[in-house]
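Here are my notes on the model, point by point. Please read them with the structure open.

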Amino acid sequence: MDETLAFAPITDLAPLIRRRQLSPIELTELFLERIEQYDPALNAYITPTADLARAHARAAETQIAAGTYLGPLHGIPVAVKDLIDIAGLPTTGGSTLLRDNIASKDATVARRLFAAGAILLGKTHLVEFAFGGTGVNHHYGTPVNPWSPDVSCLPGGSSSGSGVAVAAGLATAALGSDTGGSVRIPSAFNGLVGLKPTFGLWPATGVMPLDPTLDSVGPLCHSAEDCAILHQALAGPDPDAPETHAQSCRSIVEEMAGDIAGLRLCFPREYFWADVDEEVEAAVRASAQVFADLNAHVDEISLEIFDQLAEFRTGPNTTAVEAYRYHRARIEAHLDQFDPIVSERILDGRDIAAIDYAQQLVERDLLRRKARADLDNVDFLITPTTPFTAPVLEEIDRDGVYFPVNGLCLRNTIAVNLLDLCAVSLPCGFTRDGLPIGLQLIGHPHDEARLLRLARAFEQATDFSRQTPDLDAFV
């Protein structure tokens, strides 16, 4: 079978499957063979599910042959981050403490994925308990960025394995979670498109929490339209998740069609540009001409809200409080079995006073209101997803010493979560060393259709999203 199919977007594969020109069984075997060939070196999967994948593929082929086609995800092989419950499989959360934590039922997003006819290739690695943006995991090994064959570079986190799996052609798409950037950072480091939807649009029932006030499940894909397909299938209200919105996303694929003429796009002058690598800044700012050529209005803007956000981030870490609340019994009894870089972050929440935590939530809500007012005359913001491309692993994690870059990895992305906006990361260039550069587009809450329309327009005007890594060195 043509190996290029392993890197094809859903929008290319789905019509072939629907017309029965491509067999879900043969496509699944292609991915299983690639996982067997490349994953020992790349370490994307913690739990491959070859038998389950074959069963899903046979079911899809039988249904389609009988005239029942469920939609664009039918027969598509995908992966999910290992904090999403799949009945009968362990949900480890990236921790050895939970290696035998077998889920009794599917998470809502997994149930919807299977109802749409998708095929599960396996569960992917992550930072322990999803608490980190670099992708490092000292228990199970850090997944290897496929764009750097000569020296191991960070995959980005916390959805590290999901990013590596899709970038290396070991899955067509993958699900991750994004509390402060954990879909967008690995998308940026691995040359993918990653969507952080508005909080509450994707149900988190059956998904191990990091911070339930910020957690969003989201897709990592080869294209913006693939993100829209997954968003349309998996978002929407869930009676078991009271935080989910009643808004339906059933027409987002159609709504994202059209041009972007007249949209007002702005580069914020504050917050996002400190310590940005010069190659990253040049590539991100070059996107202005692409958008201008598509008749969007592009300019710069000063927004006081981001100076206020920077000050807010020096206060109590509410995510640490939420993580400690969830893991309290586990970390107090088994501290020595936690990854030290993760336990340190969790324990930061132990001594924060309740009144300080409550006040921080009040101030966060005020910031969100101000952000919406400040952005009233702006359609979208343009920023780097991360200040730099994937760092060399040994430069931050060497000889048992961890050199923190986590805060910088998260700085530009966490702003979106804290202000309750939506955002997408997509590739906008490559460094001289061949590493992908991530462009972040930030939109208003519930504006995913126009956000993905903007991303797709950029993709169609450039070829960055169509580049693939050379995996010969990983065999």
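1. Terms come first. Buried means under 20% relative accessible area, exposed over 50%, and partly exposed in between, with a 1.4 Å probe and protein chains only. Helices (H or I, at least four residues) and strands (E, at least two) are DSSP runs, numbered from the N terminus. This is a predicted model: local features need pLDDT of at least 70, side-chain atom pairs count only at pLDDT 80 or more, and totals for chains, interfaces and linings use all residues. Residues are numbered from 1 along each chain as its sequence is written, and side-chain values use heavy atoms, with hydrogens and water left out.

2. The sheet. It is open and has 11 strands, in the order β1-β3-β2-β4-β6-β5-β12-β13-β9-β7-β8, with mixed pairing. β1 (45–48) and β8 (297–301) are the edge strands; each has a single partner strand, so one side of each lacks a neighbour in the sheet. On average, neighbouring strands are turned by 30 degrees against each other, direction ignored. Two strands count as paired if DSSP finds at least two bridges between them.

3. Strand β9 (residues 380–384). Five of its five residues are buried, so the strand is largely enclosed by the rest of the structure. Phe380, Ile382 and Pro384 point one way, and Leu381 and Thr383 the other. β9 pairs with β7 (residues 264–268) in the parallel sense over two bridges. There, cysteine 266 stands opposite leucine 381. With β13 (residues 436–443), β9 pairs in the antiparallel sense over five bridges.

4. Strands β2 and β4. β2 (residues 77–81) and β4 (residues 173–178) run parallel, joined by three bridges. Valine 78 has alanine 173 of β4 as its bridge partner.

5. Helix α7 (residues 224–234). Which strands does α7 lie across? They are β4, β5 (193–196) and β6 (216–221), and the helix runs at about 145 degrees to β6. Axes here are lines fitted to C-alpha atoms, for helices over the stretch in contact, and angles run from 0 to 180 degrees between N-to-C directions. Glutamine 232 sits in α7. At 18% relative accessibility, glutamine 232 counts as buried. Its side chain reaches the backbone nitrogen of valine 253 at 3.1 Å.

6. The core. A nonpolar core is a set of buried Ala, Val, Leu, Ile, Met, Phe, Trp, Tyr and Cys residues joined through side-chain atoms within 4.5 Å. The largest one has 155 residues, and Ile84, Leu230, Phe291 and Leu441 have the most contacts inside it. Contact means heavy atoms within 4.5 Å. Beyond four places in sequence, the contacts of leucine 230 include Ile10, Leu73, Leu113, Trp202 and Cys221. Alanine 173, the β4 partner of valine 78, is also in contact with leucine 230.

7. Serine 148. This residue lies in the loop between β3 (119–124) and α5 (160–167). Is serine 148 buried or exposed? Serine 148 is buried, with a relative accessible area of 8%. Its side chain reaches the backbone oxygen of valine 151 at 2.4 Å. Leaving out residues up to four places away in sequence, serine 148 touches Cys153, Leu435 and Phe474.

8. Helix α16 (residues 448–461). At 1.5 Å a residue, its 14 residues should span 20 Å, and the end C-alpha atoms are 20 Å apart, which agrees. The expected span is 1.5 Å times one less than the number of residues. Of the 14 residues, 11 are buried, so α16 is largely enclosed by the rest of the structure. Among them are Glu448, Arg453, Arg456 and Glu459.

Definitions and conventions:
A polar contact is a pair of N or O atoms within 3.5 Å; within protein, one must be able to donate a hydrogen and the other to accept it, and residues adjacent in sequence count only if both atoms are side-chain atoms.
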